[in-house]
Amino acid sequence: MRWCVQRALLILLLAAWTSPAQADNIDLSTVPSRDTVQLTIYNSEDITLVRETRKVTFKKGVNPLQFSWANTLIDPTSVELKFLTHAEQLDVLDTTFPHAKSQMLYWNVSSELDGEATIQITYFTSGITWSADYICIADAPEGQMSFEGFVRVHNSSGEEYENAQVRLVVGTINLVEKIAQLAQVPQSEVLQMDADKLRDFKKDATHRFMERAGALGGGKGGEEGAKEKEIVKEGLSEYFIYTIEGTETISNGWSKRMRSLAGQQVPFKIQYRYRPAEYGEQLVRMYLLTNSVESKLGTTPLPDGVVRVFRDNGRGGLSYLTQQSIKYVPIGDKIELNLGVDPEVIFELIKLRAFRDELWLQLHGTSDYRKVGADGVMRIENATLAGWDDHEIFTQRIRNYTSKPIEVEVRRTLPGHVVFRSQLEPKLHDYQTVEFLARLAPAKRADLLLEVVRKQGINAKQSNITPQTAEIKP
Amino acid sequence: MRSRSSCCRPLWLAALGLALLPLSPGVSQARVKLITLPIRQRVEVQLDNAAATLVEEERIVPLVKGENQVDFSWANTQIDPNTIVFRVVAPVGDKPLDVKVLSVSYPPNEAALVWAVGSSDSGSARVRISYLLGNLSKSFNYRAVASKDEKSLVLSEYMRLQNFANEQFGSTSLFAGYGKTFLKPIGLNETKEMLVQKFEKVPIRKTYTCNPAEYGYLDQPQNKLRVPMHYVLKNDQANQLGAHPLPYGKVRIFIDGGQPGQTAFLGEDWGKFTPIDDEMKLYLGVAQDVVVKRTIEKNERKHIGGNVYDHEVILKFEIENFKDQAVTLDVVENLRHVRNEIRGDTKRDVQWELGKETTFPGGVDKERSTFEQVTFHAPLPARAKDGKAEKVTHKIHVFIRNEW
């Protein structure tokens, strides 16, 4: 253990000691080193539960212990001491936070034991984070891909954690205060905060995960060699816990990235999509896959992270396609990767014609209406147009210059009272969004005719779309 | 705290370095180290993505049985460290090796990483390292040389590679996403221009177009329209193109004078991204010798009922060609613009139909017309030998329906 590791230091004062406020300038202390350390790191919040064990020799009577954490980001309200051996002979009499030293506490331990015991200290710290990322490499024919997930642990906590068992919690938790803020506040002030609730929450969380940690075991610590470490994934309540096999040393300032999953020959589908609300005013190419066992994935939910997508370019190298952030993907859910615009598929909406009909006039000063075109209406002067239908005929022109058949899904949102007609069996996506699918052979062009009728003025009776399958004439 | 500068990377290593440190228990703390420096065997630069440049380099990495440290650093370059992919392509020689990346460590405040690589045996492995590199960018430009009769041109497409990435690459394979692959060295801060493709005898149309909504007037009090000229080429196989979409880029336009040394510069324009089967229009300037006077000859309102009216409009074009060659003028009218001229902008689409008094031969060009814009063609004879131009008169007769 090097110098900076000793910042979070346990000191057993063997000298006669009565009160931390006393000016004892000559002291003798021993420094029990860490035996084990376990980090449980959350990615939704900047919080890590540290559980460390040390061996301490007690004498009968009162044993003072000092615990300090200068220049680290430990939340002082969360520090707890527990006896793993001889618990029935050891007891914490009191805990003192000296006013003069903000990053320090003293425990007075009453002991009936004259010998060694294993103690466990737990606390929350800030500054250790983890994140997930993924690399997909599609094969050249674009039917299957390798899908690899990685976890990257970054330590900027100010403390060195050597040979730590590392556990990563997937899922979001609720915190009433940020650990980083608590770590900056003097202990005396922290204790005056709305402390009870906070402390209860933290203790509860600490205990829950510690109990679980016991059940999960400690991995195969210390095993060395050329074997990639396995990352064990287990569900717990609403969370998922990744436990990295063995132990890891993550020095302060460093980060370490390890592979958490490797799916090979993962099948995927290609679809072109026009969904302006999601992807902007463009037709985008998508890779669609599922986080399921049938898709050679599905062993774990996928935590939030960036997916980087490459394709085997068929010449022994890769083509870079895109990178995209994905949100947590539960087991069984879809993964949709937007590759952006394909220059080989041209998508145009061309308005061919616009006209109006069903024009209704309201006679001035009355609630009488006359339809334009009916007998005698041309002679009516004292009337104003009150309702009409706007017709627009479009061609949705799609040109496929790729060497493969393509599937194109189009969604259009049209507010108001609208009738949408197309031969492509349009369906409702929601009350004001219509959706249809088209398929194109390689090197083909399609002119898909659409008609949009917008009912205006008194003709508008609803605020929704009625999709109709109909042949449209240009 | 681990000190990297003293152990893992020689300071004289170039901007992008790969160093290999055989690892055995306790070695990471040692002060005396031996580092092997695998050199690049092959480099490929993939320029097929519009937004990012992917560099792939192959190196032969000697490995010992067990865990090895492979140190990769990129001081003063803009590698996106999250995009670095390490792949073992093949073992070198006959010995089968099982090589895996065990973990990657990122030291603080350094553009570097350390791969822990496990090998089943001692031997060499060919590895491929891929990453996105900033400031190594490409653009396209064209040189178009029109024939003297302006019926065709020679189109040369160039890719310009600008290397401000602060790294040089030896013989590098460059791929633009289509066309051939180039094998060139890329020096520091170097700009390299490469001929991607040369298209001979590409047929072009030289167009003279008037469109008051888009190009406006040359002299509004005299009703004289501005008549810009374009070369129009179609990106399809029938026109010697169509191999791939033409990327956006500057086009320098020349005309061949017919004799060596008589090529003249006509100007330049931005060529837009042109998919296959689409047209690229290159602006040449305003024609001074084709004079078009546009007047609204008729504007009559017909009552339909209440406050709803139809409008009957006749637009008259008096055209003179003072050139020595016959040309065709494209007359484009935006009928929404016409409606706005005669009765103000209602913000509604225009509903229209053409009347019988429209005079242009061949009628409306449907391929080049839209729901609110019509295109007609007017063939114009060359001026007479005495210098006088024949005045050609044409009309567009249109009914604008259901306006209020």
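In this predicted model, Gln325(B) counts as partly exposed, with 13 C-beta neighbours inside 10 Å; a residue is classed as exposed at 12 or fewer and as buried at 20 or more. Gln325(B) belongs to the loop that joins β22 (308-321) to β23 (327-334) of chain B. Its C-alpha atom is separated by 49 Å from that of Thr53(B), a residue 272 positions away along the chain.

The overall dimensions of chain B were computed next. The secondary structure of chain B consists of 1 helix and 26 strands. Its radius of gyration is 33 Å, well over the 22 Å that the globule rule gives for 404 residues, so chain B is more spread out than a compact globule. The C-alpha trace of chain B spans about 100 × 65 × 35 Å along its principal axes. Buried residues make up 30% of the 404 residues of chain B. Among the contacts in chain B with a separation of 6 or more, 67% are between residues 24 or more positions apart.

One open sheet of chain B contains 6 strands, ordered β5-β8-β3-β2-β11-β12, and its pairing is mixed. The edges are formed by β5 (85-92) and β12 (182-186) of chain B, each of which pairs on one side only. On average, neighbouring strands of this sheet are turned by 30° against each other when direction is ignored. Within the sheet, β2 (residues 40-46) and β3 (residues 54-63) of chain B are antiparallel and are joined by 6 bridges. Glu44(B) has Glu56(B) in β3(B) as its bridge partner.

The helix of chain B, α1 (335-343), has four buried residues: Leu335(B), Arg336(B), Val338(B) and Arg339(B). These buried residues fall within an arc of 155° when seen down the axis of α1(B), so they line one face of the helix. The elements that cover them include β22, β23, β24, β25 (373-380) and β26 (391-403) of chain B. The phi of Lys347(B) is near 65°, a positive value in a residue other than glycine. Lys347(B) is exposed, having 7 other C-beta atoms within 10 Å.

A positive phi in a residue other than glycine is also found at Lys296(A), where the angle is near 65°. Lys296(A) is placed in the loop between β18 (284-290) and β19 of chain A.

Contacts between the chains involve 43 residues of chain A and 44 residues of chain B. On the side of chain A that touches chain B, at least two residues each come from β10 (128-138), β16 (255-267), β19 (305-312), β20 (318-326), β22 (345-363) and β24 (383-400) of chain A. The element that gives the most is β22(A), with 9 residues. By residue class, this side of chain A comprises 22 nonpolar, 8 polar and 13 charged residues. Strand pairing also crosses between the chains: β16(A) and strand β6 (residues 99-106) of chain B run antiparallel and are joined by 3 bridges. Arg257(A) stands opposite Val104(B) in β6(B).

Within chain A, β22(A) pairs with β24(A) through 16 bridges in the antiparallel sense. In this pairing, Ile350(A) is opposite Thr395(A) of β24(A). β22(A) also pairs with strand β23 (residues 369-371) of chain A, again antiparallel, over 3 bridges. The bridge partner of Gln362(A) in β23(A) is Tyr369(A). Together, β22(A) and β23(A) form a hairpin with 5 residues between them. In the turn of this hairpin, Gly365(A) has a positive phi of about 75°.

Technical notes. Residues numbered from 1 in each chain as written. Chains lettered and ligands numbered in written order. Predicted model: local features only at pLDDT ≥ 70, side-chain atom pairs only at ≥ 80, totals over all residues. Rg over C-alpha atoms; globule rule 2.2 N^0.38 Å. Contact = placed C-beta atoms within 7 Å. Nonpolar A, V, L, I, M, F, W, Y, C, P; charged D, E, K, R; others polar. Pairing = 2+ DSSP bridges. Axes fitted to C-alpha atoms, helices over the stretch in contact; angles between N-to-C directions. Arc of directions from axis to C-beta.
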